[in-house]
Structure formats: C-alpha cells, structure tokens
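Here are my notes on this model, as numbered points. Please read them with the structure open.

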Amino acid sequence: MMRFFFSCLFTGCLVANGFGQLSGQFTTSSGQPIPFANILLLNPVDSTLVKGSLTDEQGVFRMDDSTPGTYLLRFTSVGYQTWHSTVFELTASQLGKDFGTLMMREDTRQLGEVVVRAEKPLFEQQVAGTIVNVESSLMSKGSSVLSVLERSPGVVIDYQNNSLMLNGKNGVMVMLNGKLMRLPLAQVVSLLNGMSANEISTIELLTTPPSRYDAEGNAGLINIVTRKNKQRGMNGSGAVTGGYGWGEKGSGSVSLSHHTEKLGLYGSYLFSHDRTHTDLFILSSQDMPVFSGRLDVVAWDTTTAVQNNHNATVGIDYKINAKTGVGGSSNFNRNTTSSNRHAGATYTILPDSLLLFKGEVKGVNRWNTFTSTIYVERELRPGEKFTTDLDYLYFKNDNPSEVKNTFQNRDGTPVGTDNSLFSPRQKSFAHTLFRVGVLKVDYTKPITPKLRIETGLKATYSGGSSVSGIESQVDGVWIGRSETATTIGMKERIGAAYASVNTPLNASIQLAAGIRYEYSHTRMDDLKTGENTINRRLGAWFPTVLLTKKVNPNAEWQLSYTKRISRPSYNDLASFVLYSDPTAVYTGNPALKPTITSNLKLGYTFRGYSFSLLFSRDKHPIARYQITEREARNLLYVSPQNLAWQNNLTFQTSLPWKVSNWWTMNAGFVGGLRQFRVEHTRIPVEKSYFGCSVNFSQTFKLPARFSAELSGWYNSTAYNGSIKVTGFGALNVGVKKELKNDAGSFQLSISDILRTLQINPYYGTLTQEAFSIKNHVQVNTESTQSPILKLTYSRSFGDIHANKKSQRNAGSMDERDRVRKE
C-alpha cells in the first residue's frame, strides 16, 4: 500500500490553482506612507468585490493567492481621492503584478455620511459549486449556521430527524475550514444549530469538488469557512443577541486576535441558549400481530427542549522565517439539550377494541467535542510548497431518557403491565465514545510557468464504542429488553493518495485533472460476545476532470466530471437502539453498503448570472429513517437502508439583479428530474418525479445608515427513500442600523413571518411498507406558533481604530459589512 501511495505522489497529476501576489505602496504627494487604506480587487464588469486588503504602517499592501482573470484595483482612504487602476489581466503564466509606488492626492471635499456598499453577491457560481457569501446577508447576524444553510440554494433541513440534503440527495459531508467533521450527522446538525453565523465568512456548496478534497460525500461537501482577522495589533469583535419565538433565545460571542510581523494569536468564545417547542400530529393505520388485528392510530406529541451550547477556540500562527510557518488551534464544544416530551394516542383495534396511551419521555442529551490541529508550512523554492497537518478529534455522547406511560382499555383498566413491551415505566441509555486522528501531507510544485502539480498523502484512523439498550420495569424489577441491547466497538482506517495537474490548453481553456485513490478497512465487533459483525475492505479510484473555457471577459463555460463515495457512518452501522414508542425503536443497520456516485456537470456564467446542468448516478444510496420490521414481527425498526440506485438530472441557476443603486435582488433555482428504486419495502418500487428548491433575497439601502432585507425559500415535494415529504418554505425579513463613529450596528431579524414552516412526511403512499403501515405525520415547528424574532448588537474594536481613526475607519472589521467609496 505504501509503495502505491509513493508512486501516486511522484507520478500522478492533480488539480491546483495557480498562486500569485499583487503588491504595491501608496504614499502622499510628499512621499509619506498612507497606512490602513482600503485596497479592493474588483470585477471590472460590475465592480463586485473579489478580494480586499489594507495597507500596513508603511503604506504597503499585498494580496496573495491570485487566480487568472481580468480585474480592476481601487484605492480608498478618508482624506484622499479615490484611485482606480487601468483594467489588467492575470494569466496562468503571470499571476503576480507589482504596482510599484503610487502617489495619492488629498481630497479636501467634505465626505459627509454617505455610505455605499461594495459587497460580493450573496451567491456565486464556481466550477466546483456555489459559494454563499454569508456576510452579504443581513439575516446572518444573530442567526445560527444551520439557519443560513436552510436559506441556501439546494439545501434541505430535516428538523424531525436532524439531517440535511443537498440537491435532493442524502450523503452530504460537512467541513469546517476544509476539515471533515467526522461526527454522526445528527450531532453535526445540532452543532451547526448552536454555531453563530456572526463568525462565518462563506459557505461553499461543493457538488463537484477537486481531487485535493476527500472523496467522501456522494451528494457533495458543505465547507463552512470562518472569518480570520489578520490585521496588525490587538483587534476583536463582539456580539450579543436576544430573541423570542415560542421560548426565549440568546447568545453572546467575543473574538480576539493579536498579530505582529511573525506571531499571530487568536481566540473566541460563544454561548447560546435556545428554548424550543415542536408539535406532532399522526394519523396511522397498520397491521401488527402484537395487537392481534388491524389497527388505526391517532397520536399527538408535544416536545419542549432547552439547548445550551458553549464553544471556545484558541489558535496560534508563527512565522519562523520568510519560508517556514507553523501553527495550531484547538476547539472545545459542549452541548446540553434537555427535552420533555408528552405523547398520547388512541389505538382502535378492529372491529371494536380500543386502547388509550399516555406517555411522558424525559431526556438529557449531552455531548462534548474536542478538536485540535497542528500544521507546518515550508516554501522550498518560489512556488514550491510543502505542508503537513495533524488533526485529532474526541467525541463523547450520553443520551439517557426515562419513559412513563399507561395503556388502558375503554373502561380505564391498565393492560400489559406484566410484560416488558407495555411496561408503564421504561428507560433507555446510549453512550458513545469516538476518537479520530488524521495525518495529511501536501506538496505543490510549478513544473513550467504554465504547469503546476499538486500531490499528497492522507491517513485517517477512527475508533469508538457504543453501549445502548432499553430496560422495562416489570413487577417492580428492571428487566433489560434483549432485543434492544447492544455493545459495539468499531475501528476504521482510511488511506488516500492524490495527484493533479493544472495547465492552460490554450489562451482561453484551462484544464485541471486529477486522480485520487482511497482504501478503507472497517471492522465492527460485539464487545460483549467478541463476535465480529462487520469486516469490510474497499479500495477505489476517484478521478476528477475540470475544464473552463473563457469566452470573453464576461462569460465562461465550465465542464467537470467527478466520482465520489459515501461510507456509512458509525451510527448508521451500529445496532444501537433508542426508544420511540412501545412498539418502535431507532437503530442502525450493519448490512449497509457504501454509495458510489458519478457526476457530470456543465456550467455557464455571464456577468454574474450562472447556469448549470448536473447529472449524477448513485449506486446503493443511503436513505435514513426508513421503516422495517423485526423477524419476530413484534417490533418496528427505524433505520438507514440502501436504495438500489438513484439518478438525478439537476438544473441550477443564480440570477443577481441590480434594480437601482439602493435595491438589489438575487433569485436562485435548483431542480429537475429525480429517479430511484426502493427494495427494502415489502413490495419493491421505482419512482420518477420532479423536485426543486427556490430562494430569493432583496436588499434595500435606506437613508440614515439603515438597510433592509427580504428573503424567502421553498422546497417542493421530495422523497427520502420511501418517505414522501410535501413542500414547505418560509419568508424572512431583516433590518440593520449602522451607528456612527464605528460604534457598531443593530440588526433585527424575523424568521418565518408567515408561520409556514410545517413539515408533512407520509409513509406507505409509494408502496407497501412494514406492517402495511400508512401514516401521515404533521410536524409543527416552533415558528408555526410564533415567528422567531432576534435583535443583535455587534461591534469591532482594537488597534485598527486607535490611531488616525479617520483613515482607519473604513479599514475596520466593519469594512466587511460596508466599504466607503465615491
């Protein structure tokens, strides 16, 4: 295996963008440097912001990681006339440009309080996927990262089961700053719900990522990129949010950084609190032998939950010399969710029997995560770079619950008190411990001025254990239910090697081609009996080809092919159990197969407008929360299952529109034909349907430093395996007030103002399910009872404001929200 890795390292070719630097110095007419001025790299067509920087104390600016294209450079600083460069072009062979020393003229005019925005568009289409510029939305302040994702094109959040989909597909992997969050999906969703969007810069929805990314995630990758302030001196920002829906909400965050020429220190802390309320209403019919006949059920369920989340990060970057840098960071997250669920049901057993059920489930879900990373970067020669990363993750979860319930007949007489299934007192427990270690080495080298290669190796080791079960109290004695008890240990090793090449084929066509090989060995054992339940080895090649054709400075064609994989997660495979009701449990599926996906994508961009057509073919896609029955036919399993195949033909477009200087709009559409085959149901079935998601946003720049945003989204009817979910959506509004003299800003946001966020899953409508179940679940989220209102105050502070405030005002951290210009 190591021989193979090293042969890939030295003989393969892989995707890498070219790197370059823009630099220069700005001075006054007398030759004095102009510090802390805004330097903006703009698209010459519509003046949208590509990248920004500040001059240092000597008036010098630098912008790294330039990419080929046509650009315009702008200088702005209070007290000086705005300066624009001529339009210039960067090519793959010439990515750098030195502007030399530029002398600026003083501006004696009174600038007043006019503020004009120069922001990136909310959504940007690139060859690898869609970029969501979080800072361009007024709704981001005070929101969670999960809420921002919900408003993003093609993303669907399943609130009932704590999962998410991208472009109508499961199998999404989430990354934080380019690193996979190797946690159970439900925990990832909970983590995103407790993470503040205040510190997020962009969210990348990568449906066809290049080879340097992990091949994991058949639907693609969601990469969440946090903001980093690298300005010299001590700087920071803080935000406080208070709100109310059905229950109170609140959060507070602070981030600090201190940077010198060689040393950078940074840290942040966030606390969030959220009290929520959810109602369920269920109509169901089924044929379970345990009830001795056909059964009709009317059930209701009310859950209140309180979530408290703590998140702390510290990090250091140190530049040893001009060519070598080291650093590291650590993050700790603690989440506690206390829930109280009240349920009731009437069971009508045909022809004339009646059972009444009342139940109360109390639980506390506690989980802690600790992640740490260390890196070393070394520039061997100009353009030749060697990087090593070492990552560690620790995850611990405890999820106990206690159940009190009664079963009575129509006369009020208790039934079933002498058996474990209908015991009036039950309790479940689930304890999970998980550790992950990752070592990654990357190497880039320019072979010629037009040809660059990148290669790398990666090794991942994961190990964990899970103990779970349900106990019932019978005649005053707690008895374990053998059909629900599990003790599982899991070990997984993944080795990967990749190589890629990036080169222009001619003046207008750029090729990025690569190959990645991944080998995995997954082993799962019953820790109590020592029996091996899973011993799976898989090796596969994952090619990537990305082509871009520059038609003119305003238009570009993109063509890509990628192959990807989704391996079952630890929770997917582990035969754990969690209590649902007396006859149903949540569990895993040790027989799950990995999903292999092929993607072919054609895209076109024109002056900010983007269009793409994506075809994907999935083999053995994983659908979670499917229903099957135990062989003894006395218990319903809710578990992940493999579909036979799935085909998606998806059209996506993003349409930004500037109506006037004070009104901008953006509309997005993701949808198309979806086909799949289900085989885990009693009667296999194939289904074809049209599904889509649409979103829009409108931003208004108002007088007196006010601005407003109206946004909305809608997801049409879709299927998760055999489960049908009808369409749902929401409309949101936000208002922002920027205070004078860099005193911060207030932002008011109201989510789901029309109270429409109701989710309706249907079982048994597509084909015959386990126990011939047919049911409709109506999920009323918190905002269906009351729109969620949040008020946020945020402010940046530090050395960036302290000296020559009039010049540094536009270069503060708030310049990410607004840029002064003429």
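1. Start with strand β34, residues 595-606. Its side chains alternate. T595, T597, N599, K601, G603 and T605 point to one face and are buried. Strands here are DSSP runs of E with at least two residues, helices are runs of H or I with at least four residues, and both are numbered from the N terminus. Buried means under 20% relative accessible area, exposed means over 50%, and partly exposed lies in between (1.4 Å probe, protein chains only). In a regular strand, side chains alternate between the two faces of the sheet.

2. Basis of the values. This is a predicted model: local features need pLDDT of at least 70, side-chain atom pairs count only at pLDDT 80 or more, and totals for chains, interfaces and linings use all residues. Residues are numbered from 1 along each chain as its sequence is written, and side-chain values use heavy atoms, with hydrogens and water left out.

3. Neighbours of β34. Two strands pair if DSSP finds at least two bridges between them. β34 pairs with strand β31 (residues 555-566) in the antiparallel sense, over 12 bridges. There, A555 stands opposite F606. β34 is also joined to strand β35 (residues 609-619), again antiparallel, by 11 bridges. In β35, Y609 is the bridge partner of F606. β34 and β35 form a hairpin with 2 residues between them. R607, in that turn, has a positive phi of about 50°.

4. Other backbone angles to check. Most residues other than glycine have a negative phi. Y625 is not a glycine, yet has a positive phi of about 60°. Y625 lies in strand β36 (residues 622-629) and is buried at 19% relative accessible area. D752 has a positive phi of about 55°, and is not a glycine either. D752 sits in the loop between β45 (745-751) and β46 (758-759). D752 is buried, at 2%.

5. R516 is buried, with a relative accessible area of 3%. A polar contact is a pair of N or O atoms within 3.5 Å; within protein, one must be able to donate a hydrogen and the other to accept it, and residues adjacent in sequence count only if both atoms are side-chain atoms. The side chains of R516 and E518 make such a contact, at 2.8 Å. Contact in general means heavy atoms within 4.5 Å. Beyond four places in sequence, R516 touches residues including Y213, D214, K458, Y498 and W541. D525 is buried at 18%. Its side chain makes a polar contact of 2.9 Å with that of N532. Beyond four places in sequence, D525 also touches T487, I488, G489, E531 and T533.

6. R366, in strand β22 (residues 353-381). Is R366 buried or partly exposed? R366 counts as partly exposed, at 39% relative accessibility. Leaving aside neighbours within four places, R366 is in contact with R334, N335, T336, K396, N397 and D398. R366 and N399 are 33 residues apart in sequence, and their C-alpha atoms are 6.3 Å apart.

7. Helix α3 and the cores. Helix α3 spans residues 185-193; 7 of its 9 residues are buried, so the helix is largely enclosed by the rest of the structure. The buried ones are L185, Q187, V188, V189, S190, L191 and L192. A nonpolar core is a set of buried Ala, Val, Leu, Ile, Met, Phe, Trp, Tyr and Cys residues joined through side-chain atoms within 4.5 Å. The largest has 44 residues, of which L192, I203, I222 and I224 touch the most other members. α3 gives the most to this core, with 5 residues. Another core, of 33 residues, lies apart from it and includes A343, A584, L636 and L757.

8. An open sheet. Its 6 strands run in the order β9-β10-β15-β16-β13-β14, with mixed pairing. β9 (123-126) and β14 (179-180) stand at the edges, each with a single partner strand, so one side of each is left without a neighbour in the sheet. β14 is joined to strand β13 (residues 172-176) by 2 bridges, antiparallel. M175 stands opposite L180 in β14.
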